[in-house]
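Visitor: I am new to this structure. Please show me how to read its features.

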Amino acid sequence: MGKPIYFSKVLFTEGFHYSLPKCAILLNLPSRELSYQVFSWKRNTPIIQKMKEEQIIPGDESTRHIFGYSVPAKLISTSETGFKKILLEDDQYEQIVEFSYAIKLSDRQYNDLLPYCNALDFEPYRDKRMSMNDEGYIGYRDESKVCFAAITDSYIPYIELPMDLYYDESHIWPSEKLYRYIYQELLSKDKKLKKWTFGYGACSLFGI
């Protein structure tokens, strides 16, 4: 393999299935900085409520069951509605930063971390899907969800990789290896982050 091409920025987002992300880990290699942010979303307090109906038992008109409930809504009038006022469901959220913290990497920390950030090691996994039938599969993340994204300052384009499954050491994906290293060697050793981080493998079916 040729000369390493390192990522300039790496982003891990953490959260739970069926919800918006809760945490973000951003690694900025040129500035040698690792930041950790915890955030939440607050749904806009609705001034207007709209009744929404949902069918929970399929069937024809005589047998189906419909129930109604109110949802936040907004009143709009556009050319698409013929300038008539209509109610639309409002799903807008306001992001609230609960905690933000940055670690300035020492020369030792930076040099130890760098081998995990070679973009060329990640390229074989581009567009690859994870499967429980893969060789080396040992478990999956239960409830929690982690996503990986990264960019370089070179010809290698932006990359995203799934992180739903765990593999043994011989088949571990480089994104998981980097994520594990950041947690075990940097985040978990900083006392200011103890009550904010998930902890590596904390929300998985098979804790590692």
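This is a predicted model: local features need pLDDT of at least 70, side-chain atom pairs count only at pLDDT 80 or more; totals for chains, interfaces and linings use all residues.

Visitor: How many salt bridges does a search of the whole structure find?

Guide: A salt bridge pairs a side-chain nitrogen of Lys or Arg with a carboxyl oxygen of Asp or Glu within 4 Å. The search finds six here. One of them joins Glu176 and Arg141, with the closest N and O atoms 2.8 Å apart. That pair links distant parts of the chain: Glu176 sits in helix H3, and Arg141 in the loop between strands S8 and S9.

Visitor: Are Glu176 and Arg141 buried or exposed?

Guide: Buried means under 20% relative accessible area. Glu176 counts as buried because its relative accessibility is 4%. Arg141 is at 6%, so it counts as buried too.

Visitor: What separates Arg108 and Asp112 in helix H1?

Guide: About one helical turn, because they are four residues apart in that helix. They form a salt bridge, their closest N and O atoms 3.1 Å apart. Arg108 counts as exposed, at 54% relative accessibility. Asp112 counts as partly exposed, at 33%.

Visitor: Which residues line the largest pocket?

Guide: Arg108 and Asp112 are among them, as are Ile103 and Tyr181. By class, the lining has three nonpolar, one polar and five charged residues. Helices H1 and H3 each supply at least two of the lining residues. The space in this pocket is about 150 Å³.

Visitor: Where does Phe122 lie?

Guide: In helix H2. Phe122 counts as buried, at 1% relative accessibility. Its contacts include Phe7, Phe148 and Leu178.

Notes. Residues are numbered from 1 along each chain as its sequence is written. Side-chain values use heavy atoms; hydrogens and water are left out. On a 1 Å grid over the protein atoms alone, a cavity is a set of points where a 1.4 Å probe fits but cannot get out, and a pocket is an open set with protein on both sides within 12 Å along at least five of seven lines; lining residues have an atom within 4 Å of a point. Grid points are joined across faces, edges and corners, and a volume is the space filled by probe spheres set on the points. Ala, Val, Leu, Ile, Met, Phe, Trp, Tyr, Cys and Pro count as nonpolar, Asp, Glu, Lys and Arg as charged, and the others, Gly among them, as polar. Buried means under 20% relative accessible area, exposed over 50%, partly exposed in between (1.4 Å probe, protein chains only). Contact means heavy atoms within 4.5 Å. Lists of a residue's contacts leave out its neighbours within four places in sequence.
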